[in-house]
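Me: I have a structure open and want to learn how to read its packing. Can you take me through a few features, one at a time?

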Amino acid sequence: GLEDVRGHAGPVRALEIAAAGAHHLLLTGPPGTGKSMLARRLPGILPPLAASEELEVLRIRSITGLGRGAARGVRPFRAPHHSISAAGLVGGGAVPTPGEITLAHRGVLFLDELSEFSRQALEAMRQPLEDGFLTVVRGQRATTYPAEVQLVAARNPCPCGHLGTPRCRCGEADLEHYARRVSGPLLDRIDLLVDVNRPTEDELHAPPVSDSPTTREAVCAARERQRERAADADVPVWNSRLPARVLHALPADPAAAEVLRRAYRNGLLSPRGRDRVLRVARTIADLAGRERTEADDVLEALALRGAETRPAVAA
């Protein structure tokens with residue numbers, strides 16, 4: 001659990017926000033800093049499967065033969081290798097079969113070494129990440145698979161992993177090629193872009209920032225607020241799925257709106273990125289139990305998307 005994590009206050013906070021609002025998350029940092037370790041802590045702070053969700057998961061496991069020995073009530077966690085094909089990741093083939101994104105339905109899809117996945121496989125994920133399902137057409141037959149997943153990805157900041165240090169020998173051409181391995185449109189669908197840095201010596205010996213039971217309790221409370229709001233407005237439950245018309249109608253302080261306008265005017269955000277920042281800010285407000293989104297919520301959401309303005313994540 002999170003009680004085993006030392007340091008990484010920022011990434012741990014990002015995990016909490018990601019879990020609370022069902023936001024996609026990208027962790028970027030040098031090798032050995034704990035990106036994979038952090039990603040694997042996410043299922044432990046997610047709410048347990050509801051009865052209807054568990055039924056969906058059991059059906060998928062039954063169809064794919066993965067049901068034996070699977071723990072009941074536990075959200076799926078899938079971590080395919082970066083050599084996987086597009087069909088293996090999203091489904092398809094001569095005889096259509098579900099891919100990893102469907103096997104992770106109602107759970108977490110973890111893509112380690114994101115930049116090492118084929119461009120074709122990553123681009124195939126764009127539509128299902130947005131819609132929560134995908135349709136595979138073969139001949140005269142169309143098959144629709146569920147794909148309501150939470151994506152967590154990890155990658156190095158450059159090909160060697162040591163960008164900004166004397167150990168890095170990557171040239172401009174290397175950095176540009178590496179950046180283009182993951183497209184801007186795909187990154188635009190990821191709400192939280194977080195740096196994972198090497199913990200200091202003091203942080204390694206300090207108490208943990210949080211623990212999984214405490215964080216899970218806060219996550220469940222935030223999700224309950226979203227569930228109540230969705231029941232009143234008949235909209236998708238989680239903040240990450242809120243339509244723009246609903247999102248912009250939610251209560252917010254004028255100062256919060258001004259912070260977002262300033263960031264957009266300065267060219268720091270795409271139109272989709274602007275809405276994603278507002279969704280994350282709404283989740284931060286839900287975690288704090290506030291009805292209105294405040295300026296500090298937007299500022300924290302912008303900081304959690306700060307990597308968007310860097311060359312390393314350009315399209």
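Me: Start with one side chain. Is Phe110 buried or exposed?

Reply: This is a predicted model, so keep that in mind throughout. Relative accessible area settles your question, and buried means under 20%. Phe110 comes out at 1%, so Phe110 is buried.

Me: How many aromatic pairs does a search of the whole structure find?

Reply: One aromatic pair turns up. The rings are those of Phe77 and Phe110, with centres 6.1 Å apart. Their planes stand at 35 degrees, so the pair is tilted. Stacked would need planes under 30 degrees apart, and edge-to-face over 60.

Me: Which parts does the pair tie together?

Reply: Phe77 belongs to strand E2 (residues 77–78), and Phe110 to strand E5 (residues 108–111). The pair therefore links parts 33 residues apart in sequence. Phe77 is partly exposed, at 25% relative accessible area.

Me: Where do the charged ends of Arg223 and Arg274 sit?

Reply: Each sits over a ring. For Arg223 the ring is that of Trp238, with the charged end 4.4 Å from its centre. For Arg274 the ring is that of Tyr264, and the figure is 5.9 Å from the centre.

Me: Now helices. What describes two packed helices?

Reply: Use the angle between their axes and the distance between the axes. Take H13 (residues 254–265) and H15 (residues 295–303): the angle is about 30 degrees, with axes 7 Å apart. H13 and H15 are therefore roughly parallel to each other.

Me: Which residues of H13 and H15 make the contact?

Reply: H13 brings Ala255, Ala256, Val259, Leu260 and Ala263. H15 brings Ala295, Val298, Leu299 and Leu302. By class, that is nine nonpolar, no polar and no charged residues.

Me: At what angle do H1 and H14 pack?

Reply: H1 (residues 9–21) and H14 (residues 271–288) pack at about 95 degrees, with axes 9 Å apart. That makes H1 roughly perpendicular to H14. From H1, the contact takes in Arg13, Glu16, Ile17, Ala20 and Gly21. They meet Val280, Thr283, Ile284 and Leu287 of H14. The classes here are five nonpolar, two polar and two charged residues.

Me: Last, a loop residue. Where is Pro236 found?

Reply: Look in the loop between helix H11 (212–233) and helix H12 (244–247). Pro236 counts as partly exposed, at 36% relative accessibility. Leaving aside neighbours within four places in sequence, Pro236 is in contact with Ala230, Arg241, Leu242 and Pro243. From the C-alpha atom of Pro236 to that of Leu299 is 25 Å.

Terms used: Residues are numbered from 1 along each chain as its sequence is written. This is a predicted model: local features need pLDDT of at least 70, side-chain atom pairs count only at pLDDT 80 or more; totals for chains, interfaces and linings use all residues. Side-chain values use heavy atoms; hydrogens and water are left out. Rings of Phe, Tyr and Trp (its six-membered ring) pair if their centres lie within 6.5 Å; planes under 30 degrees apart count as stacked, over 60 as edge-to-face and the rest as tilted. Helices (H or I, at least four residues) and strands (E, at least two) are DSSP runs, numbered from the N terminus. Buried means under 20% relative accessible area, exposed over 50%, partly exposed in between (1.4 Å probe, protein chains only). A charge sits over a ring if NZ of Lys or CZ of Arg is within 6 Å of the ring centre and within 35 degrees of the ring normal. Axes are lines fitted to C-alpha atoms, for helices over the stretch in contact, and angles run from 0 to 180 degrees between N-to-C directions. Angles under 35 degrees count as roughly parallel, over 145 as roughly antiparallel, 65 to 115 as roughly perpendicular and the rest as oblique. Contact means heavy atoms within 4.5 Å. Ala, Val, Leu, Ile, Met, Phe, Trp, Tyr, Cys and Pro count as nonpolar, Asp, Glu, Lys and Arg as charged, and the others, Gly among them, as polar.
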